[in-house]
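Open the model in a viewer and keep the sequence panel beside it. The stops below say what to select at each step and what is there.

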Amino acid sequence: MLKAFKFRLYPSAPQADFLVRSFGCVRKVYNLMLNDRIEAYKKHRETGEPIKLPTPAQYKKEYPFLKEVDSLALCNAQLHLKAAYNHFFRHPSSGFPKWKSRKHPVQSYTTNNQNGTIAIVAGRYLKLPKMEPVRIKLHRQLQGQIKSATISRTATGKYFVSILCETKVEAKTLTGSVIGMDLGVTSFAAFSDGTKVQNPKHLVKTSDRLSKAQRKLSRRALQAQKEGRLLAGSRNYQKQRILVAKLHEKIANQRNDFQNKLSTELVNNHDVICVETLNVTGLVRNHRLARSLQDVSWSAFLSKLTYKAEWYGKQVIRVGRWFPSSQLCSACGHRDGKKGLHIREWSCPSCGTTHDRDVNASRNIRTEGLHLLNETAQI
Ligand SMILES: [Zn+2]
């Protein structure tokens, strides 16, 4: 089983310099290979010449500075490009592989461990190929064997490393419990045992601050435009841009913490967790900030829940998105028709039970999930 561990890095100024150069080289090689693949394909269509896939080594002569950085990082650029193509072939609607931009807020590169080229030294340093060990804040112990490391730099200039380790994970003891979960609008989620989990207050607060800060940022952009100034030279705009980036990072951290705790708790306490399948295309179309943050948050949560369930020998069952979870009465099965989002509570006309909208939905999701589980067990 592969498990990733993320730590903050504190490179010295020359080390940071080297890392930035490495991001640049990886980006360069990626874009060169993408360009050559496009050209090779064009030629293949015109003349029938077979497509020869480019390799990072072929560029070193023309761009000697590529030799200064970790060659495994360049190899990984090749793998990443291959993965991007494969993803495009499988899901053409996701779009053709894109160019890597120097302006992208997050830059990164990945390198592999070859007989200890990546290692923790003296508990406070990370050894990486082609550079002096970098200060690392090791807030938790690594488990297993280091496979690879991805070094990244965030929009606010912080450095992180995500270390991928091969490790054995023990299955958790079974509890015999099955739970249904409805991802809510007013609360983060409602559960079939009648409980609800709210979005943490500090997260809501930071989201509000972010909306305000983003409005201010667009006003600053407009102001600069009116006065005919370039954004790059507008100090107030740049200050605000960094503030917005910091708030984005803060939200991401707070959300990750919350989701890690909740998903761990769920796989600890239940064997089967039934959830809805999210309508991803519908989510992307939603432009309102608060909602789009919520949507991103749900899919990130479900992926955490799914991989943890897999690690620990538990199951996540996805109920189809056309399943009418909010229309059925979970007590008697009566189908009561569509309900607008404003209806938070309703009484079943058939059996008279009063339902909380979200808890009722989660109970239906649980029932449907169990149904699906039994069906697959029979096959
Ligand atoms: Zn009923």
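The model is a predicted one.

**Stop 1**

Select the open sheet whose 7 strands run in the order 2-6-7-1-5-4-3, with antiparallel pairing. Its edges are strand 2 (107-112) and strand 3 (119-121); each has a single partner strand, so one side of each lacks a neighbour in the sheet. On average, neighbouring strands of this sheet are turned by 35 degrees against each other, direction ignored.

Now pick strand 1 (residues 2-10) and strand 7 (residues 159-166), an antiparallel pair joined over 8 bridges. Within it, lysine 6 is opposite serine 162 of strand 7.

**Stop 1**

The end C-alpha atoms of helix 1 are 50 Å apart; at 1.5 Å a residue its 35 residues should span 51 Å, so the two values agree. Glycine 48 follows helix 1 and has a positive phi, near 80 degrees.

Within helix 1, select serine 22. Is serine 22 buried or exposed? With a relative accessible area of 2%, serine 22 is buried, because the cut-off for buried is under 20%. Leaving aside residues up to four places away in sequence, serine 22 touches Val69 and Tyr109. Draw a distance between the C-alpha atoms of serine 22 and tyrosine 109: they are separated by 7.3 Å, although the two residues are 87 residues apart along the chain.

**Stop 3**

Go to threonine 167, in the loop between strand 7 and strand 8 (178-183). Threonine 167 is buried, its relative accessible area being 10%. Which residues does threonine 167 touch, not counting those up to four places away in sequence? They are Met1, Lys3, Gln143 and Gly144.

**Stop 4**

Next select the open sheet of 5 strands in the order 10-9-8-11-12, where the pairing is mixed. Strand 10 (196-197) and strand 12 (315-319) stand at its edges with a single partner strand each, so one side of each is left without a neighbour in the sheet. Strand 9 (residues 189-191) pairs with strand 10 in the antiparallel sense over 2 bridges. Zoom in on alanine 189, whose bridge partner in strand 10 is valine 197.

Then show helix 7 (residues 357-378), which packs on this sheet and touches strand 8, strand 9, strand 10, strand 11 (272-276) and strand 12. The direction of helix 7 makes about 130 degrees with that of strand 8.

**Stop 2: the zinc site**

Finish at the zinc ion. Its protein donors are the SG atoms of Cys329, Cys332, Cys348 and Cys351, which lie 2.3 to 2.4 Å from the ion. In sequence, these donor residues are spaced C-x2-C-x15-C-x2-C. Why is the arrangement of the 4 donor atoms tetrahedral? They subtend angles of 108 to 110 degrees around the zinc ion, which makes it so. Ideal angles for four tetrahedral donors are 109.5 degrees.

Colour the site by accessibility to end. Cysteine 348 counts as buried at 3% relative accessibility, whereas cysteine 351 is partly exposed at 36%.

Methods
Residues are numbered from 1 along each chain as its sequence is written. This is a predicted model: local features need pLDDT of at least 70, side-chain atom pairs count only at pLDDT 80 or more; totals for chains, interfaces and linings use all residues. Side-chain values use heavy atoms; hydrogens and water are left out. Donors are N, O and S atoms within 2.8 Å of the metal (3.2 Å for Na, K and Ca); water is not among the atoms, so sites may look incomplete. Four donors count as tetrahedral if all angles lie between 85 and 135 degrees; four count as square planar and six as octahedral if opposite donors are over 155 degrees apart and all others between 65 and 115; anything else is irregular. Buried means under 20% relative accessible area, exposed over 50%, partly exposed in between (1.4 Å probe, protein chains only). Two strands pair if DSSP finds at least two bridges between them. Helices (H or I, at least four residues) and strands (E, at least two) are DSSP runs, numbered from the N terminus. Axes are lines fitted to C-alpha atoms, for helices over the stretch in contact, and angles run from 0 to 180 degrees between N-to-C directions. Contact means heavy atoms within 4.5 Å. The expected span of a helix is 1.5 Å times one less than its number of residues.
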